[in-house]
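Here is a short briefing for a first look at a protein model. Begin with the display below, then read on by topic.

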Amino acid sequence: MGKVSSYRDLKVWQLAIDISVASYEVTRSLPREELYGLTSQIRRSASSVAANIAEGYGRENRGSFVQFLRIAQGSLKELETHLIIAGRVGLIQPVVLSELLERCDENGKMLGALIRTVQRSKVDEQDRG
């Protein structure tokens, strides 16, 4: 892994941004009557994933970072739920839904790995202190 000097260097944040952009693109074709329903929910939860990663990183405190990474995980699960609902009611094509959910799964695994890494580094610091 290269040097991380910003949250923008984190692959997990980059993928979250990609998912958010894809979510916006998918929701453009949703019916107008869904603007304040699923469209809004999908967009808000998708953008929340990357935003929480960035906010946690900006706190410059490992405990806060882990807390915000967990919030990002929750937002990701919320996004998946809204996408599944949109798929089940026929608003999102199955192939598009499947691709988005695969990307969400990948992002979730990355978030979990980052949480474990940050927590381990905190323990390592305590052991040295």
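Is E60 buried or exposed? E60 is exposed, with a relative accessible area of 75%. Here buried means under 20% relative accessible area, exposed means over 50%, and partly exposed lies in between (1.4 Å probe, protein chains only).

This is a predicted model, in which local features need pLDDT of at least 70, side-chain atom pairs count only at pLDDT 80 or more, and totals for chains, interfaces and linings use all residues. Residues are numbered from 1 along each chain as its sequence is written, and side-chain values use heavy atoms, with hydrogens and water left out.

**Overall build**

- The protein has 4 helices and 0 strands. Helices (H or I, at least four residues) and strands (E, at least two) are DSSP runs, numbered from the N terminus.
- Read from the N terminus, the order of elements is α-α-α-α.
- The C-alpha trace spans about 55 × 25 × 20 Å along its principal axes.
- Of the 129 residues in the protein, 40% are buried.
- The accessible surface comes to about 7,800 Å². Carbon and sulfur atoms account for 49% of that surface. Such areas come from the Shrake-Rupley method with a 1.4 Å probe, and for residues only the protein chains shown count as cover.
- Take the contacts between residues at least 6 apart in sequence: 71% of them join residues at least 24 apart. Contact means heavy atoms within 4.5 Å.

**Helix 1 against helix 2**

- Helix 1 covers residues 11-27 and helix 2 covers residues 38-58.
- Their axes come within 9 Å and cross at roughly 165°. Axes are lines fitted to C-alpha atoms, for helices over the stretch in contact, and angles run from 0 to 180 degrees between N-to-C directions.
- Helix 1 and helix 2 are therefore roughly antiparallel to each other. Angles over 145 degrees count as roughly antiparallel, under 35 as roughly parallel, 65 to 115 as roughly perpendicular, and the rest as oblique.
- The crossing of helix 1 and helix 2 is left-handed. That word applies if the near helix is turned anticlockwise from the far one by less than a right angle; clockwise gives right-handed.
- On the helix 1 side, the contact is made by V12, W13, A16, I17, S20, S23, Y24 and T27. On the helix 2 side, T39, I42, R43, A46, S47, V49, A50, I53 and A54 take part.
- These contact residues divide into 11 nonpolar, 5 polar and 1 charged. Ala, Val, Leu, Ile, Met, Phe, Trp, Tyr, Cys and Pro count as nonpolar, Asp, Glu, Lys and Arg as charged, and the others, Gly among them, as polar.
- T27 sits in helix 1. T27 is buried, at 2% relative accessible area.
- Leaving out residues up to four places away in sequence, T27 touches T39, I42 and R43.

- The axes of helix 2 and helix 3 come within 8 Å and cross at roughly 165°.
- Helix 2 and helix 3 are therefore roughly antiparallel to each other. Their crossing is left-handed.
- By class, this contact has 16 nonpolar, 8 polar and 2 charged residues.
- E60 lies in the loop between helix 2 and helix 3. Phi of E60 is near 55°, a positive value in a residue other than glycine.

- E80 belongs to helix 3, residues 62-88. E80 is buried, with a relative accessible area of 10%.
- Beyond its neighbours within four places in sequence, E80 contacts L101, C104 and D105.
- C104 is in helix 4. C104 counts as buried, at 0% relative accessibility.
- Sequence neighbours within four places aside, C104 is in contact with I19, L76, L79, E80 and L83.
- C104 and Y7 are 97 residues apart in sequence, and their C-alpha atoms are 19 Å apart in space.

**M110 in helix 4**

- M110 is placed in helix 4, residues 94-128. M110 is partly exposed, with a relative accessible area of 25%.
- Residues up to four places away in sequence aside, M110 touches K11, V12 and L15.
- M110 and R88 are 22 residues apart along the chain, and 27 Å separates their C-alpha atoms.
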